[in-house]
Amino acid sequence: MIEPLNPEQLRSFTPLNVLSEQQWRELRSQLVPQPLLAGQLLFRQGDQARSTYYLLSGELLLRSADGQEERLQAGTAASCHPLSPSLPRLHEARALSDVSVLMLDSATLSRLLTWRLAYQDLLLQLGGKGEDVEWLERLLENPLFAKVPPANVEAMLERLHPIDLPAGSRILQEGESGDCCYFLKSGRAEVFRGGEGSRQVLAELEVGACFGEEALLSDQPRNATVTLIEPGVVLRLDRQDFFALLKAPVVDEVSFGEAARLLSGGAQWLDVRLQDEYERSHAQQTLNMPLHLLRLKTRLLDKGKTYLCYCDSGKRSASAVFLLSQLGFTAYALREGLDALPAIQRDGLLCESGPGYLARTGGRTERSH
């Protein structure tokens, strides 16, 4: 049996290099190298499989529909990016030597990446307000937040009610109905079932833990009791706020044709991917503002202009549009992102060396090529 790869072995791959430890743990079952013998096909041109591939070792041949060929060697700068990421695939990929590839579910990767970059932005913002960012980061690593729309988290934090409690305080009681859940901000807590004569300790909770949510999700009585082992602070989130947290925000989206019409009227593309992704290929005259830096750089944007946000899957751009709309900008997301565009439209939009703009620190933009 092949052992999963260690995340440290994958830190050079873009955009995997921004994922958190919790997210690597979620991907663990997929981090198994897939061997391919010399001459074997990895995927065909036109393939629609929603998988993201990285070359780990060996050499591949990428052949486009017009017959152009590119030899890709593991360990080079080019191999640090996904292989022919557009759907349908623009290339055929065949092993020139025995190779090893990493295959990840694209939907899972996109969700993790969107969340990671969006919550980095949130931590920067809250840290600037004097919030306890270290505690917040541990809170946001909680698996409960893995599928929560990032734009909802800030609103949730404003609805948390802090409660200081002494050691021995009983926070939840087994068998009671659930009208809220809690987050442990400081101290330690113990989870157990049964009474004094049949007490069964199930777990010890540490800072950042969420508890009590199961009763809300299942609409069943509490299945365990939780008490504080030492003095601490818990944050209460009421039932209605908990379910509001799970709802996805609604953002304005446009098709490629609608985007073209808006561009002719003075709108501008806004690339919210990482700079490494932008530099691989981007729309001409686009401005690159990675999602996790967007809030910090919005002072460079013009509220009188319309912005068209894009990324690969549409998830990061949807988060960007929600944020920009909250701040008073007019913005739209390219529906389902670049990956959903037919090859002819994608090729017409993206170029490797066309002019664009990078948003830099110090309140300036810099022309790129």
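Start with the crossing of α2 and α3: in this predicted model, α2 passes α3 in a right-handed crossing. Select residues 106–128 for helix α2 and residues 133–140 for helix α3. The two helices pack at an angle of about 155°, with their axes 10 Å apart. Angles over 145 degrees count as roughly antiparallel, so α2 is roughly antiparallel to α3.

Now show side chains at this contact. From α2, pick Trp115, Arg116, Tyr119, Leu122, Leu123, Leu126 and Gly127. From α3, pick Val133, Leu136, Glu137 and Leu140. Eight residues of the contact are nonpolar, one is polar and two are charged.

Next, select residues 15–113. Together with residues 144–246, this stretch carries the UniProt annotation "domain: Cyclic nucleotide-binding", which comes from an unreviewed entry. Switch to a cartoon view. Over residues 15–113 the chain is 15% helix and 36% strand.

Move on to charged pairs. Side chains of opposite charge can pair when their charged atoms come close. With a nitrogen-to-oxygen cut-off of 4 Å, the count comes to 20 salt bridges.

Which residue meets arginine 159 in a salt bridge? Select aspartate 241: the two side chains meet at 3.2 Å, N to O. This pair links distant parts of the chain, 82 residues apart. Arginine 159 lies in helix α4, residues 150–159. Aspartate 241 lies in helix α6, residues 239–245. Display both helices to finish the tour.

Note on methods: Residues are numbered from 1 along each chain as its sequence is written. This is a predicted model: local features need pLDDT of at least 70, side-chain atom pairs count only at pLDDT 80 or more; totals for chains, interfaces and linings use all residues. Side-chain values use heavy atoms; hydrogens and water are left out. Axes are lines fitted to C-alpha atoms, for helices over the stretch in contact, and angles run from 0 to 180 degrees between N-to-C directions. Helices (H or I, at least four residues) and strands (E, at least two) are DSSP runs, numbered from the N terminus. Angles under 35 degrees count as roughly parallel, over 145 as roughly antiparallel, 65 to 115 as roughly perpendicular and the rest as oblique. A crossing is left-handed if the near helix is turned anticlockwise from the far one by less than a right angle, and right-handed if clockwise. Contact means heavy atoms within 4.5 Å. Ala, Val, Leu, Ile, Met, Phe, Trp, Tyr, Cys and Pro count as nonpolar, Asp, Glu, Lys and Arg as charged, and the others, Gly among them, as polar. UniProt positions are given in the numbering used here, feature names are shortened, and annotations may be inferred rather than shown by experiment.
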